[in-house]
Amino acid sequence: MKTRAFHRVIGLLMLAPLTGWAITGAFFFLKPGYAGAYELLQVKTYPLEPNNISLQADPSWLEVRFVKTILGEHLLARTSKGWFHLDPRSLQSKPEPPTDEVRALVIDAVSANPARYGRISAIEGSTITTDTGVSIELDWNRLALTQHGKDTDRIDLLYKIHYLQWTGVKSLDKVLGALGIILVLVLSGLGARLFFTRG
């Protein structure tokens, strides 16, 4: 196959990936909607009040946080096995709160951005759904919240398109990515050859 014809075939093969890279690349450069889609949602904390709690540090603790929320005081300890949510007075494991307390904790956290989160429409275990389509996850052991909405899903989809993660099969997507890079290099090389040889 002649260089020009080979260049044309590869160009046609790469039309979809190159178009996808260009569009998604422009989106990633401008980052419209990123602020809300990846907003860091945090549990609202309050100033600690002087009390008579005397903490005896456990040798297994690598990190400790003592905070106060709308639900009261929390002791969070990290060991080599992960985070644990403890009662600061008894140092016993603090059980996951009932639905009404989860609701109060999340309402307090989202109050800073009602336009994004709206109102809570459902609570199922540690998953909270709002009427704006945002899903919130509560990690009780870390006393942490994560959120994602339809905008997050759209941006994640664009990310997959940009990096040729088209099949959902990791090993196959790696092959597609490598093939895409190779074809771009071949396309560039053939283009340079056609330019300099004019044949």
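Predicted model: local features only at pLDDT ≥ 70, side-chain atom pairs only at ≥ 80, totals over all residues.
The largest pocket holds about 210 Å³ of space. Its lining is made up of Leu40, Leu41, Gln42, Val43, Thr45, Arg65, Val67, Trp83, Arg142, Leu143, Ala144 and Leu145. Two elements give two or more residues each to this lining: strand S1 (63-69) and strand S7 (144-148). By class, eight of the lining residues are nonpolar, two are polar and two are charged.

Strand S1 also takes part in salt bridges. The model has four salt bridges by the rule applied. In one of them, Lys68 pairs with Glu49, with 2.9 Å between the closest N and O atoms. Lys68 belongs to S1 and Glu49 to the loop between helix H3 (34-37) and S1, so this pair ties together parts that are 19 residues apart in sequence. Arg78 forms a salt bridge with Glu63, and here the closest N and O atoms are 3.1 Å apart. Glu63 lies in S1 and Arg78 in strand S2 (residues 72-79); the pair therefore ties together parts that are 15 residues apart in sequence.

Strands S4 (residues 120-124) and S5 (residues 127-130) run antiparallel and are joined by four bridges. Across this pairing, Ile123 stands opposite Ile128 in S5. Two residues lie between the strands of the hairpin, where Gly125 adopts a positive phi near 65°.

On the surface, a nonpolar patch is formed by Leu157, Ile161 and Trp166. Together these residues have about 290 Å² of accessible area. Leu157 is part of helix H6 (residues 150-162).

Methods:
Residues numbered from 1 in each chain as written. Heavy atoms only, no water. 1 Å grid on protein atoms, 1.4 Å probe; cavity = no way out; pocket = protein on both sides within 12 Å on 5 of 7 lines; lining within 4 Å. Points joined across faces, edges and corners; volume = space filled by probe spheres on them. Nonpolar A, V, L, I, M, F, W, Y, C, P; charged D, E, K, R; others polar. Patch = residues over 30% accessible without salt bridge, like charges linked within 9 Å, V, L, I, M, F, W, Y side chains within 5 Å. Areas by Shrake-Rupley, 256 points an atom, 1.4 Å probe, with all protein chains shown as cover. Salt bridge = Lys/Arg side-chain N within 4 Å of Asp/Glu carboxyl O. Pairing = 2+ DSSP bridges.
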